[in-house]
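Subject: Structure for you to look over

Dear colleague,

I am handing over the structure we spoke about, with the sequence alongside.

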Amino acid sequence: MPYIQPFDPWKSSLCTCPPKYSLNPYTGCGHRCLYCYATSFIKNFYRPRPKKNFLKIVERELKKLPENSLISLSNSSDPYQPLESTYKYTRKFLELLVEKNYRILIITKSDLILRDLDLLKNLRCAVSITITSKTLTSKLEPGAPSYERRINAIKSLYKSNIPVSVRLDPVIPGLNEKEILEILDEVAPFVKHITASTYKAKPDSLKRLTDAFPEKRVFWEELYLKGGKKLGNAIYLKDEIRYELINPLYKKAKEYGISFATCREALKVFESPQKCDGSFLIS
Ligand code: SF4
C-alpha cells in the first residue's frame with residue numbers, strides 16, 4: 001500500500017473535496033479524541049507509531065506524483081501529534097517539498113506546527129486548525145493542545161501570512177453547539193475559511209462519549225440510535241437536527257464575510273463543492 005494515496009478512492013457521494021492525495025506520517029494518533037472516526041478502522045489507534053521507512057518511501061513516491069498535485073496531511077491521524085516532536089517525519093517530508101511544485105494542505109490540532117514556520121513560508125500551503133470546544137478540550141481530546149494554544153497557532157500563522165482556515169467540528173448536540181459559535185467569533189479576524197460538521201456516530205466513538213458524559217447517554221442514544229439514520233458507514237442525526245446545528249455557524253460566517261463549507265454533511269444548502277477543505281486558499 002503506497003503512503004501517498006488518492007484521497008477517498010471510493011468516491012463517496014458524501015465527499016465534496018477536490019481531488020487530492022492523502023498522507024499520514026504516523027499510524028494512529030496520540031491526541032486520543034473521543035469522537036475520532038479513525039479508531040473504527042485502524043487497529044490500536046491510540047497507540048500511535050511512525051510509518052516504517054517513511055522518508056525513503058515517500059521520497060520515491062513523490063517522484064511519480066504529477067506537478068501541482070494537492071497533498072493533504074493528514075486525514076486519518078494528526079501530522080503534529082506528540083510523536084512528531086521525536087520523529088519529525090512531518091518536518092522531514094516538508095523539507096522534501098521545498099522548491100517543488102506541489103500544493104500542501106495541513107490539518108492539525110497542534111501548535112507544534114509553529115516549529116515549521118520557516119518551511120511553510122517557502123511552500124505552496126494552507127493550514128486548517130481544528131477546534132471543537134473551549135472548555136472541554138482536556139476531556140474530549142485528552143492528548144491534544146489546549147484551546148489557547150490552538151488560538152495562538154492561528155494568530156501566529158496569520159501573522160506569518162500563511163493562509164489559515166478553521167475546522168469547527170464535530171458539533172455534538174447538547175455539548176458544544178453554543179460555545180462553537182463563540183469560537184467562531186474569536187477566530188473570525190484571522191481566518192479566511194470555516195469548515196463545520198456534525199458528529200457522526202460510530203459504535204466505538206459513541207461509547208467513548210457516553211462513558212465520558214454519562215448524563216448525556218439517554219439523549220444521544222435517542223438522537224442517534226433511535227432517531228438517526230445510517231449514511232455511508234456512520235449514523236447521522238436527522239436532517240432537521242443537522243440543519244439546526246450548522247445553520248447558526250453558516251449565518252455567522254456569512255456575517256463576517258468568511259467562506260463557509262461543511263464536511264460530509266449531506267445538506268445541499270450548505271455545500272460548497274471543491275471549497276470544503278480550504279485548499280482553495282493555496283496560491
Ligand atoms: S486529532 Fe484527529 S486523528 Fe487524532 S485522535 Fe483526534 S480526531 Fe483522531
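Predicted model: local features only at pLDDT ≥ 70, side-chain atom pairs only at ≥ 80, totals over all residues.

The secondary structure of the protein consists of 10 helices and 12 strands. Its radius of gyration is 18 Å, close to the 19 Å that the globule rule gives for 283 residues, so the protein is as compact as a globular protein of that length. Along the principal axes, the C-alpha trace spans about 50 × 40 × 35 Å. Of the 283 residues, 57% are buried, and among the contacts between residues at least 6 apart in sequence, 74% join residues that are at least 24 apart. The accessible surface comes to about 13,100 Å², with 53% of that area belonging to carbon and sulfur atoms.

In helix α7, which runs over residues 179-187, the buried residues are Glu 179, Ile 180, Ile 183, Leu 184 and Val 187. These residues cover an arc of only 155° around the axis, which puts them on the same side of α7.

In helix α9 (residues 217-226), Trp 220, Leu 223 and Tyr 224 are buried. Seen down the axis of α9, its buried residues fall within an arc of 80°, so they line one face of the helix. Val 218 and Lys 226, on the other side of α9, are exposed.

With a relative accessibility of 15%, Asp 111 counts as buried, the cut-off being under 20%. If neighbours within four places in sequence are set aside, Asp 111 is in contact with Pro 145, Arg 149 and Ala 153. Between Asp 111 and Gln 81, which are 30 residues apart in sequence, the C-alpha to C-alpha distance is 9.6 Å.

Finally, some points about the backbone. Most residues other than glycine have a negative phi, and most peptide bonds are trans. Against that background, a cis peptide bond with omega of about -5° joins Leu 73 and Ser 74, and Ser 74 is in the loop between β5 (70-73) and α2 (83-87). Another cis peptide bond, also with omega of about -5°, joins Asp 169 and Pro 170, and Pro 170 lies in strand β8. Asn 68, although not a glycine, has a positive phi of about 70°; Asn 68 is in the loop between α1 (54-62) and β5 and is partly exposed, with a relative accessible area of 34%. Arg 264 has a positive phi as well, near 50°; Arg 264 belongs to the segment after β12 (259-262) and is partly exposed at 29% relative accessible area.

Technical notes:
Residues numbered from 1 in each chain as written. Heavy atoms only, no water. Helix = DSSP H or I, 4+ residues; strand = E, 2+ residues; numbered from the N terminus. Rg over C-alpha atoms; globule rule 2.2 N^0.38 Å. Buried < 20%, exposed > 50% of the residue type's maximum accessible area, 1.4 Å probe, protein only. Contact = heavy atoms within 4.5 Å. Areas by Shrake-Rupley, 256 points an atom, 1.4 Å probe, with all protein chains shown as cover. Arc of directions from axis to C-beta.
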